[in-house]
Amino acid sequence: MNWLLDNLELIGELTVQHLRLSAIPIVLGFVLAIPLGWVAYRYKLTRGLILTFVGLLYTIPSLAMFVILPPIIGTPYISEANVVIALTIYAVAIMARSVADALASVDGDVKQAATAMGYGGFRRFWTVDFPLAGPVVLAGLRVVAVSTISLLTIGSAIGVSTLGYLFTNGNQRGIVVSVLTGVIVTVIIALVVDRLLVLLGRLLMPWTRAMAQPGAQRRALASASGRSRAAEVAT
Amino acid sequence: MNLFTDAIAWLADPTNWADGGPIPQWIADHLWFTAIAMLLASAIAIPLGWYIGHTGRGRDAAVAVTGAARALPSFGLLFLFVMLGGVANRDLSAIVVLALLAIPPILAGAYAGFEAIDRRVIDAARSMGMTEKQIVARVEIPLGLPLLWGGLRNAVLQVVATVVLVGFVRNAGLGFPIVQGIQIRSYDQMLGAAILIIVLALLLDAIFALLERYATPAGVRAGRTRDHRTSSTRRRSAGGATPASTKKEMSV
């Protein structure tokens, strides 16, 4: 307990650092995955290629990714850039599939109706397809956010300062409270960010609540769960 | 590229592969940890998931648990259990953590597999006079297998990645040469081990992908829609058990 009180400042600093480092892959993954997911959804050939490729990237264990990335992209081995880029790759890998699945989930009749009303391809995508794909995209984004926050702790294994420092340091010095605190703070951050994303989704997509289809919503979430592989089965 | 040649040289060094040499031992340990954890997790999660899928009982709790489990940092959990379990029980503690991390995806695969089945198929089975036991054993389990294998595939990925971290608490598995490499600043060894880990993960994933494909009953495979983008929005009946139909239900 004393350890906790003595190290509140350290825990605070690490938490801020952790949030800062995890925000980049989450945002970048989301932004990069929209065009990638669209291409995967739109053309049959690219669908297979892109989804297989991101699937393979996702298979790489994170510690191995941290080690193999530097010689490929030229970042220093112990650097925030190395960890952030690795996590961005995972985020894009999950989100590209989510976006492709989400776009495929939009009712074809609605798309035809929009086209019939004179919507061009670009306007239809941003004002009809993408908003309607929103709930499934959000489900994917929540998976990305939570797993990024959790995976970031492994960055400490190669010496990048995150909440994982509480694990490595606690382990070396035999302080169980340190490790336990690290686990709890990481989980809390992940769950809070997850809740915030749900609230943001309600704010941006007010119609989803009105539609009140709990079954369909839950299924969408379930299929985006795990490492979004449940959705892969569906292809 | 120089670094990669060094790593390949480390990988090709015969002394590393000699009988009782470190690399075969690390690979063997890695597979052993993975296999034991997967067996333990499956023994718990598959029957539980099937029970939840068949009865619908405890479903909300299962969804909450599988969702929240993703937030658990495997790295910290491993240190925590190993510290609490004591030095003598490091292997056991590690296996418990690995199994704990594998349970949620397997559980989700097991119950989602049952839920993805078209209710009409189950009603038909019941109206033909099948008992609940028969429905579970001869309808729900076979039709739920593809998603279950999908869940097992997620789990094995998670376990293989976490066994890498076991290298931090014990001289075992392919994570150890990385941990040792960090300490003695031997990048060829770290990179070589990373390559081995990636190859191992890809191989295991490919094996599970094949199992997943062949687990689909032939009748279901025949009724599967190829391109869901252009498929009708109406639900299919006979092929309703294919995951393609779950996808359609997702179109909120």
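## The annotated spans

Helices here are DSSP runs of H or I with at least four residues, strands are runs of E with at least two, and both are numbered from the N terminus. An unreviewed UniProt entry annotates residues 27-208 of chain B as "domain: ABC transmembrane type-1". UniProt lists residues 15-197 of chain A under "domain: ABC transmembrane type-1", again from an unreviewed entry. For that span in chain A, the end C-alpha atoms lie 19 Å apart, with 83% helix and 0% strand. UniProt positions follow the numbering used here, feature names are shortened, and annotations may be inferred rather than shown by experiment.

Keep in mind that this is a predicted model: local features need pLDDT of at least 70, side-chain atom pairs count only at pLDDT 80 or more, and totals for chains, interfaces and linings use all residues. Residues are numbered from 1 along each chain as its sequence is written, while chains are lettered from A and ligands numbered from 1 in the order in which they are written.

## Chain B overall

Chain B has 12 helices and zero strands. Take the contacts in chain B with a separation of 6 or more, and 71% of them join residues 24 or more positions apart. A contact here is a pair of C-beta atoms, placed from the backbone, within 7 Å.

## The nonpolar core

The largest nonpolar core runs to 139 residues, and those with the most contacts inside it are Ala96(A), Leu78(B), Leu98(B), Ala102(B) and Val159(B). Helix H8 of chain B (residues 132-166) is the top contributor to this core, with 18 residues. Such a core is a set of buried Ala, Val, Leu, Ile, Met, Phe, Trp, Tyr and Cys residues joined through C-beta atoms within 7 Å.

Leaving out residues up to four places away in sequence, Val159(B) touches Thr34(B), Ala37(B), Met38(B), Leu98(B), Leu101(B) and Ala102(B).

## Helix pairs and packing

H5(B) and helix H6 of chain B (residues 90-115) have axes that come within 8 Å and cross at roughly 145°. Axes are lines fitted to C-alpha atoms, for helices over the stretch in contact, with angles from 0 to 180 degrees between N-to-C directions. Among the residues that meet here are Leu78(B) and Phe81(B) on H5(B), and Val97(B) and Leu101(B) on H6(B).

Over in chain A, helix H9 (residues 176-204) has 29 residues and reaches 42 Å from first C-alpha to last, close to the 42 Å expected at 1.5 Å a residue; the expected span is 1.5 Å times one less than the number of residues. Its buried residues include Val183(A), Ile189(A) and Asp194(A). The buried residues of H9(A) pack against H1 (2-6), H2 (8-42), H7 (121-151) and H8 (165-173) of chain A, together with H5 (74-85) of chain B.

Trp50(B) belongs to helix H3 (residues 22-55) of chain B and counts as buried because 21 other C-beta atoms lie within 10 Å. Its C-alpha is 8.7 Å from that of Glu140(B), 90 residues apart along the chain.

Pro135(A) sits in helix H7 of chain A and is buried, with 24 other C-beta atoms within 10 Å.

Note on methods. A residue is buried if 20 or more other C-beta atoms lie within 10 Å of its own, exposed if 12 or fewer, and partly exposed in between; C-beta atoms are placed from the backbone. Two residues are in contact if their C-beta atoms, placed from the backbone, lie within 7 Å.
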